[in-house]
Amino acid sequence: MATKTTAPATTQERSRAARTRRLIVHIGLIGFGLIMLYPLLWMLASSFKPTEEIFRAPGLIPETFHPSNYTEGWTALQFPFHHYLLNSAIVVVGAIIGNLIGCSMAAYAFARLEFRGKRLFFAIMLATIMLPIHVVIVPQYIMFAEIGWINTFLPLIVPKLLATDGFFIFLMVQFIRGLPKDLDEAARIDGCGHVRIFFQIIMPLSLPALATTAIFTFIWTWNDFFSQLIFLTSPDMYTVPVALRTFVDSSSQTSWGPLFAMSVIALGPVFGFFLAGQKYLVKGIATTGIK
Amino acid sequence: MSALLQRRPKADPVAAAPAARTRTRARNQGAKQRENLAAYGFLAPWFVGLLFITAGPLLASLYFSFTDYNLIGDHSWVGLENYSRMLEDERLHNSLRVTFTYVFVSVPLQLVLALALAMVLDRGVRGLPLYRSVYYLPSLLGGSVAIAILWRQVFGANGLINQVLGFFGIQGEGWVSHPDYALGTLIVLNVWTFGAPMVIFLAGLRQIPRMYYEAASVDGAGPLHKFWHITVPLLTPIIFFNLVLQIINAFQTFTQAFIVSGGTGGPSDSTMFYTLYLYQRGFGSFEMGYASAMAWLLLMIIGGFTAVNFLASKYWVFYGD
């Protein structure tokens with residue numbers, strides 16, 4: 001690639017200077033990274049500290065190891081914490097399946113098929129990406145209340161199945177457009193219908209885009225607070241974020257240990273998905289700019 | 001592909017016969033029709049979503065903004081009453097002030113930090129994937145309730161920040177409970193999530209040909225000169241993209257303000273973000289007509305900013321062709 005041609009006489013001197021510079025850069029980057037991550041590490045450490053110590057000790061190593069924060073936090077709310085974890089899991093799995101089906105179908109149409117109104121509909125789809133949820137939440141709430149879906153998981157899952165996350169349609173359209181067209185043309189000449197091309201050619205080749213969609217849907221839905229706060233109204237339906245919110249509202253200064261412990265539990269799955277799916281995450285944001 | 005092209009000419013002589021030709025045309029038209037139908041079939045879920053989840057509710061909220069809808073009982077048409085009430089609503093004006101301050105302080109800081117680190121990392125630093133991941137992690141977690149809870153402690157009266165300051169003998173404030181500083185803690189939180197734009201900047205920097213820098217070096221240009229005359233101009237589309245995206249995101253911030261202030265937007269409305277006030281009116285006191293009018297103002301603001309950014313981009317974004 002880019003090679004630097006340096007005069008032979010100064011090569012050694014230069015390489016030493018370059019090495020020191022690199023070292024300084026690394027020290028700077030590591031130091032900055034530590035400052036960035038310190039609050040997270042401290043929260044993890046503090047989840048094993050007695051509450052009194054959380055408000056006193058900025059260090060990472062607990063003076064006394066106090067794992068009972070976890071057992072205390074687990075049972076501090078009306079339902080044991082796994083109840084909320086399970087609710088979140090149901091919503092997240094539903095949302096992932098919904099997005100994978102709904103968005104990939106729409107993406108196939110936009111990327112591969114010719115039809116009347118394609119340009120207009122594609123423009124509308126792109127515009128919906130910009131649409132803030134706050135603008136549509138009131139009529140959605142009224143509609144879901146009308147059909148008795150408030151305090152169920154349906155308002156959080158069904159819209160995904162209806163391909164309302166334009167981001168993922170766009171992501172998959174970009175991906176499918178990059179696939180060689182010969183494959184589906186050959187299949188069509190052999191008499192394959194669109195449904196078979198979609199399932200047997202496009203979908204298997206789109207696995208990376210589907211993985212990116214699944215990972216982002218997981219993280220966004222798991223973290224989502226606004227719509228879950230609005231649509232889930234009784235404690236037995238609460239998901240993790242909504243449950244944490246009632247925890248923080250109800251807790252006095254004395255229960256920060258258990259509160260931190262449950263916050264760590266809440267962040268755990270996101271962190272796990274982050275580690276497992278880094279490749280897809282970085283590619284995903286680099287191509288579409290999603291957060 | 002080439003195999004297909006070779007096979008086609010052989011079929012042509014058959015199609016040349018007039019009867020066969022019309023048959024092919026009919027078949028083509030049939031295929032077109034089938035493709036049309038197939039496309040609408042694949043798009044069926046999306047059309048239903050458009051009707052009931054996105055565009056439909058968007059128009060419905062415009063209608064509700066002219067009514068006094070409150071979920072219970074009948075509603076009636078009130079004309080522009082909700083909008084004229086917005087003109088006089090001091091708390092709404094305050095929430096706009098808070099939100100605009102947040103957007104215009106946190107987004108530039110976030111983007112400058114993102115660009116600076118992307119440039120350092122772009123110089124072929126060893127372990128780039130690791131650094132990138134570490135810096136990106138806060139972007140994934142930043143919007144969650146758990147991190148907002150952490151922030152509430154870290155910037156609390158006896159929180160982590162004040163514990164550290166205590167080492168240096170400084171007595172810190174209760175940052176989240178002080179009206180002058182509470183918004184600042186949320187700005188810090190948004191700046192903390194600079195990783196996502198940084199990854200996008202990194203991808204953009206990769207696109208700039210190395211030879212431009214080398215040519216500039218030969219001409220004796222210093223690093224600052226190269227930055228202003230090569231990096232910045234060639235990166236403007238990416239800067240623009242990040243700017244639009246982060247402004248839109250920042251305008252919609254809700255969770256952090258809600259959790260840090262316990263849902264109140266306090267102390268003294270200093271973290272009363274626009275979306276939080278909208279939530280309080282619409283779902284706290286069920287003034288859904290008023291909330292709908294507020295929602296449309298938000299849409300106008302975000303749409304307006306996006307439009308202004310796009311128009312302005314003509315003058316400063318360099319697309320390189």
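How many residues from chain B and from chain A does the contact take? The contact takes 73 residues from chain B and 65 from chain A. Two residues are in contact if their C-beta atoms, placed from the backbone, lie within 7 Å.

## About the model

This is a predicted model, in which local features need pLDDT of at least 70, side-chain atom pairs count only at pLDDT 80 or more, and totals for chains, interfaces and linings use all residues. Residues are numbered from 1 along each chain as its sequence is written, while chains are lettered from A and ligands numbered from 1 in the order in which they are written.

## Where the chains meet

Start with the side of chain B that touches chain A. Helix α2 (residues 18-64) of chain B gives the most to this side, with 19 residues. Helices (H or I, at least four residues) and strands (E, at least two) are DSSP runs, numbered from the N terminus. By class, this side of chain B has 51 nonpolar, 19 polar and three charged residues. Ala, Val, Leu, Ile, Met, Phe, Trp, Tyr, Cys and Pro count as nonpolar; Asp, Glu, Lys and Arg count as charged; the others, Gly among them, count as polar.

## One helix pair

Two packed helices are described by the angle between their axes and the distance between the axes. Helix α13 (residues 240-250) of chain A packs against helix α6 (residues 145-154) of chain B at an angle of about 25 degrees, with the axes 9 Å apart. Axes are lines fitted to C-alpha atoms, for helices over the stretch in contact, and angles run from 0 to 180 degrees between N-to-C directions. α13(A) and α6(B) are therefore roughly parallel to each other. Angles under 35 degrees count as roughly parallel, over 145 as roughly antiparallel, 65 to 115 as roughly perpendicular and the rest as oblique.

Which residues make this contact? From α13(A) come P241(A), L244(A), R245(A) and V248(A), and from α6(B) come V145(B), A146(B) and I149(B). Six of the residues in the contact of α13(A) with α6(B) are nonpolar, none is polar and one is charged.

## Chain B

Chain B has 14 helices and zero strands. Its radius of gyration is 28 Å, well over the 20 Å that the globule rule gives for 321 residues, so chain B is more spread out than a compact globule. The radius is taken over C-alpha atoms, and the rule is 2.2 Å times the number of residues to the power 0.38. The C-alpha trace of chain B spans about 95 × 75 × 35 Å along its principal axes. Of the 321 residues in chain B, 38% are buried. A residue is buried if 20 or more other C-beta atoms lie within 10 Å of its own, exposed if 12 or fewer, and partly exposed in between, with C-beta atoms placed from the backbone.

## Chain A

Chain A has 15 helices and zero strands. Its radius of gyration is 25 Å, well over the 19 Å from the globule rule for 291 residues, so chain A is more spread out than a compact globule. Buried residues make up 42% of the 291 in chain A.

The domain assignment of chain A gives domain 1 (15-70) and domain 2 (77-286). Such bounds come from an automatic or database domain assignment. The C-alpha centres of the two domains of chain A lie 33 Å apart. In chain A, 11 residues of domain 1 are in contact with nine residues of domain 2. α1(A) gives the largest share of the side of domain 1 that touches domain 2, three residues.
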